Structure formats: structure tokens, C-alpha cells
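Hi there,

Here is the structure I promised to pass on. Have a look at it first, and my notes follow below.

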Amino acid sequence: MTTATTRNSDRRISPVFVGILAVTAVTGWATWTGFAEQPGVAVFLFVTAAWIVSLCLHEYAHARTALHSGDISVGEKGYLTLNPLKYTHALLSIVLPVIFVIMGGIGLPGGAVFIERGRIQGRWKHSLISAAGPLTNVLFAVVCTAPFWLDALDGVPRDFRFALAFLALLQVTAAILNFLPVPGLDGYGVIEPWLSYKIKRQVEPFAPFGLLFVFAVLWLGPVNSAFFDVIDSVLRSLGIDALDTYCGQELFRFWQGSNDFCSVQVG
């Protein structure tokens, strides 16, 4: 087994990740119980911490799949510890996605674990490695939306419901953006092994700019509206309406002041 060649210390969960989980749990509890004097602060910390947890799991899924596909170097690089500080670009992986959440409520596809592709044989394995990350976002979205599509919201506090809805929106946007077949994104990584050598060489110079291109296009009004219409349709199919995500984002942006509309109990 390839995992036998990795040291236990290479797979031990990092205290950094445990700390992030602890923040998620404590602020989730504060949001649920209304313990915080300012609920918006608790929602902000809960959603941000949970979002970082999902980013760590996204990158871990890439690394773990690569390990079982033949790249045992991911252990030495620290990718199996769930420590975000071990990523190739911690700024791109963690800081930038959090900034985009604060600015626009978009789940920015995160950063980078360096996979030594030369160690991996088989096109299906390469595709699966790329797909593993956004599939983790899909799974996270399913968990966040479960109370909605299971019609199990009785007893769930309003603010916690709003926070879950907003967190689900982030996961859905991250999954959809990541699956776009654009160079530099995971969606392109899924199809790249099946492309001809000539096409891959032609596309390669554009890979560093793929994400910038996507967000430049999303700034266009009609594209932005169409994109969020798709997001809303997905969320509605999972039982979350626009009011839940709107109020979740309003609570998250606590520095803008309270929103009287969302302060009214919604059935």
C-alpha cells in the first residue's frame, strides 16, 4: 500500500486545523444559543471558520487521492495534516477566498497543493485527483442543506439557519466555479488528461490567468445575474430560498449594522 510509505507524523492532524475546528464549534454554539451579545459577530466567525475548514478538506481530498494514486510525496509536504500553512500558496488557498467571501459572498476556488503528476499513471487517476476537491464542496453543501431538504428545521434557531444557508451558498458557488473547464481550475484538470498533447501545450500559458479571467467575466452584469440565477436554482432545489441566503449574508456582514427586515422572525 502506498500509505505504508508515509510516516505517521505526515498524516497526523495539525493543531492548526484542530484550532480552526474549535473556533467553528464554539461560534456555531454561540450562534445556535444566541449567547453572543452581537449575533452577527458569532455568525461571521462561524461561517468564516467553517469555510476555512471546507478549504482545508478540499485540498486534503486532492492530496489524499493523489497519495492513493501513487504520489507519496504529498505526505512529506504536509498536505495530509490538514494544515493550511503547508499549502503551496497559503495566501491563495486561505486568505484570498476569505476576502472574496467578505467582499462578495462568492466561494472562491482555493489554492494549491503541488501534485507530482509524473508519479501517477492512468488518465482516470489524474481526473479523479482534480475532481476530488470540488466533490468535497458538493458534500459539504449537502451537509449544510440537509436540515432544509429533510424538512428538519423545527427547533433550529433563526440565526443558525441563516448562517447555514449562507455557508451552503459558498459551497455551491465554490463547486460550480471549480468545475468550470477553465485552465487553472479543477474542471480543466478533470478533462486535461484526455486532451491531445498539442492542445495542452497551447492552453498551458493561460493556466495562471484562468481564475482571473473567470472573475473578470463575472463582473459583467448579465453574466453575474445568470450565474447567481443558477446558484439560486440549485439552492431552491435543496430547500433554501433567497431570503435565507440574503439574511445569512446580512448577518455575516455585521459591520454594516443590523437589518430590521432579517431581525423579524421568519417562519
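Let me start with a pair away from the surface: Asp 244 and Arg 161 are both buried. They form a salt bridge, with 3.2 Å between the closest N and O atoms. Asp 244 belongs to helix α12 (residues 242-252) and Arg 161 to helix α7 (residues 158-178), so this contact ties together parts that are 83 residues apart in sequence. Please keep in mind that this is a predicted model.

The count of salt bridges comes to 6. Asp 71, Lys 77, Glu 116 and Arg 119 are linked in a network of them. Within it, Asp 71 and Arg 119 meet at 3.7 Å, N to O. Asp 71 sits in the loop between α3 (39-69) and α4 (73-76), and Arg 119 in the loop between α5 (90-104) and α6, so the two join parts 48 residues apart in sequence. Asp 71 is buried, at 0% relative accessible area, while Arg 119 is partly exposed at 41%.

Lys 77 and Glu 116 also form a salt bridge, their closest N and O atoms being 3.0 Å apart. Here the loop between α4 and α5 supplies Lys 77, and the loop between α5 and α6 supplies Glu 116, 39 residues apart. Lys 77 is partly exposed at 23% relative accessible area, and Glu 116 is partly exposed at 25%.

Trp 149 is part of helix α6 (residues 123-149) and counts as partly exposed, at 40% relative accessibility.

Best wishes

Technical notes. Residues are numbered from 1 along each chain as its sequence is written. This is a predicted model: local features need pLDDT of at least 70, side-chain atom pairs count only at pLDDT 80 or more; totals for chains, interfaces and linings use all residues. Side-chain values use heavy atoms; hydrogens and water are left out. Helices (H or I, at least four residues) and strands (E, at least two) are DSSP runs, numbered from the N terminus. Buried means under 20% relative accessible area, exposed over 50%, partly exposed in between (1.4 Å probe, protein chains only). A salt bridge is a side-chain nitrogen of Lys or Arg within 4 Å of a carboxyl oxygen of Asp or Glu.
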